[in-house]
Amino acid sequence: MASRKKTLLKVIILGDSSVGKTSLMNQYVNRKFTNQYKATIGADFLTKELTVDDRTVTMQIWDTAGQERFQSLGVAFYRGADCCVLVFDVTAPNTFKSLDSWRDEFLIQASPREPENFPFVLLGNKVDLEPRAISSKRAQQWCQSKNNIPYFETSAKEGLNVEQAFMAIAKNALAQQNSTVDLYNEFPDQIKLTNTQKPSGGSGCCQ
Amino acid sequence: MNEDDLLKRSAEEREKIFKRYEQGRDGAQIDPWEDPGFEVYHATDRYGFIHDKRLPSKVDPQETKKVQIEIERQRKWLKMIKNWDSTNTKEKLASRVYKGIPNSLRSDVWCKLLQIEIIKKENKGKYAEMMKLARKYSTDARQIDSDVNRQFREHLHYRERYSIKQLSLFNVLTAYAMYNSEVGYCQGMSGLAGVLLMYMDEEDAFWAVHVLLTDPKYAMHGLYKEGFPKLTRFLAHHDRILMKLLPKVKKHFDRHGLDAILYSLKWFFVCFIERMERG
């Protein structure tokens, strides 16, 4: 791309309460894990600079509240997202079941240009814990049914796979942004809605 | 899985969660990382919050001045509490509240302002009844449990998993979700009840939450219930005020897509908890 503008990627993390959304974000950005995280009210964000395919980009990671009723506040937070990260807890089956609802609600509220191609990434978190309730296979099947969403198994506590997952998230977000920019570029000239341009005789359709 | 199985599983889960709180710290299975390792005596401030670093050994002169002013205020407040129904109190109360209620008198004053004694007398036994109902039927136990586990863990009383204060917070929230079933439990309420419990016992805190939600003066009910109608109104109102008084700021925010909810949610929703000092 010719643009020298600084690239900002907006990423939204969604999923049920206590699956580890805040912990994943903090493990990735600050490389630490504590039990001191508070329940997220509304949303918070952190930013991190990273290099993707030789380009420096700033990733703005939005962490959201997990309680279901907060979904109705989504619009303000989801606007302009380049990638949506869905998180569930591999030891809690109910958090896996909610994934459909989080995905659907995101698509409704963020209303991306091409919903079927909007990038999602799925993270199965807390793989350090036993007993496991959702197998890798089951999660992968869900991903396949949703147009091949990339899937990572992570532990925010141990820092397992977190870096790799967020790199994939960044790549997908960047690809999404490039495709939308290309879409804009397909219009060679701006359409001006002012009356400074005189209609060039006879060629207009409205005359 | 059919309906009956789901109900059975959620009943089992509720039973497990309640049992853990009833048992307290004795015999509970607590991962070592679940309890923070703070040096309690070196780093606890006067509100009970524990800080990562030691407090400075030299007292900040500004802090000394603040404490002195507070002692002075305390004297005035004690006089006022004695003559609570006098005209003098009525005249001065509001301006003195704005200056700050002295920490040592918050328990008394908050109970008086919210008229806890009256509502408690009118509803004898209600709190115990709601706790019993919650024990049997609560559908919010899981969410409340996970929020109690995360609320004010840097505070002396909430620091330890399944401590007495954590039990109180769990009780108040599960009982209240039964009592006010339209709101149930909404994230954010654990912060509200958590602060009240730093100054009140369980039953008082339960009624304080109720007054804050339902008394027309505070009416926080609409903030927390499904759809957040009052929050939406507050945000719209905030936008209008900003447009009127600081139009350039408002336009700048709009240009960058900075919606008011991104910065002001906690002002309205949890009375500035985590947004302001407790002093």
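Is B:D147 buried or exposed? With a relative accessibility of 1%, B:D147 counts as buried, because the cut-off for that label is under 20%. Please keep in mind as you read on that this is a predicted model.

## Salt bridges within chain B

B:D147 has a charged partner: its side chain meets that of B:R150 in a salt bridge, at 2.8 Å from N to O. B:R150 is buried too, its relative accessible area being 18%. In general terms, oppositely charged side chains can pair when their charged atoms come close.

Have a look at B:D145 as well, which forms a salt bridge with B:R161, with 2.9 Å between the closest N and O atoms. B:D145 sits in helix α8 (residues 141-148) of chain B, while B:R161 belongs to the loop between α8 and α9 (164-179) of chain B, so this pair ties together parts 16 residues apart in sequence. Both B:D145 and B:R161 are buried. Elsewhere in the chain, a network of salt bridges links B:E15, B:K19, B:E22 and B:R135.

## A bridge between the chains

Over all chains, the whole structure holds 24 salt bridges. One of them joins B:D259 to A:R79, with the closest N and O atoms 3.9 Å apart. This pair crosses between chains: B:D259 is in the loop between α14 (247-255) and α15 (261-269) of chain B, and A:R79 is in the loop between α2 (74-78) and β4 of chain A. B:D259 is partly exposed at 27% relative accessible area, and A:R79 is partly exposed at 44%.

## The sheet of chain A

Now turn to chain A, where six strands form an open, mixed sheet in the order β2-β3-β1-β4-β5-β6. Its edge strands are β2 (43-52) and β6 (151-153), each pairing on one side only. On average, neighbouring strands are turned by 25° against each other, direction ignored.

Helix α4 (residues 99-110) packs on this sheet and touches β1, β4 (83-89) and β5 (120-125), its direction making about 160° with that of β4(A). Helix α5 (residues 136-145) also packs on the sheet, touching β4, β5 and β6, and its direction makes about 155° with that of β6(A).

## A buried serine

A:S155 lies in the loop between β6 and α6 (162-185) of chain A. How accessible is A:S155? Its relative accessibility is 0%, so A:S155 counts as buried. The side chain of A:S155 makes a polar contact with that of A:D128 at 2.9 Å. Beyond its neighbours within four places in sequence, A:S155 is in contact with several residues, including A:N125, A:K126 and A:L160.

Terms used
Residues are numbered from 1 along each chain as its sequence is written. Chains are lettered from A and ligands numbered from 1 in the order in which they are written. This is a predicted model: local features need pLDDT of at least 70, side-chain atom pairs count only at pLDDT 80 or more; totals for chains, interfaces and linings use all residues. Side-chain values use heavy atoms; hydrogens and water are left out. Two strands pair if DSSP finds at least two bridges between them. Helices (H or I, at least four residues) and strands (E, at least two) are DSSP runs, numbered from the N terminus. Axes are lines fitted to C-alpha atoms, for helices over the stretch in contact, and angles run from 0 to 180 degrees between N-to-C directions. Contact means heavy atoms within 4.5 Å. Buried means under 20% relative accessible area, exposed over 50%, partly exposed in between (1.4 Å probe, protein chains only). A polar contact is a pair of N or O atoms within 3.5 Å; within protein, one must be able to donate a hydrogen and the other to accept it, and residues adjacent in sequence count only if both atoms are side-chain atoms. A salt bridge is a side-chain nitrogen of Lys or Arg within 4 Å of a carboxyl oxygen of Asp or Glu.
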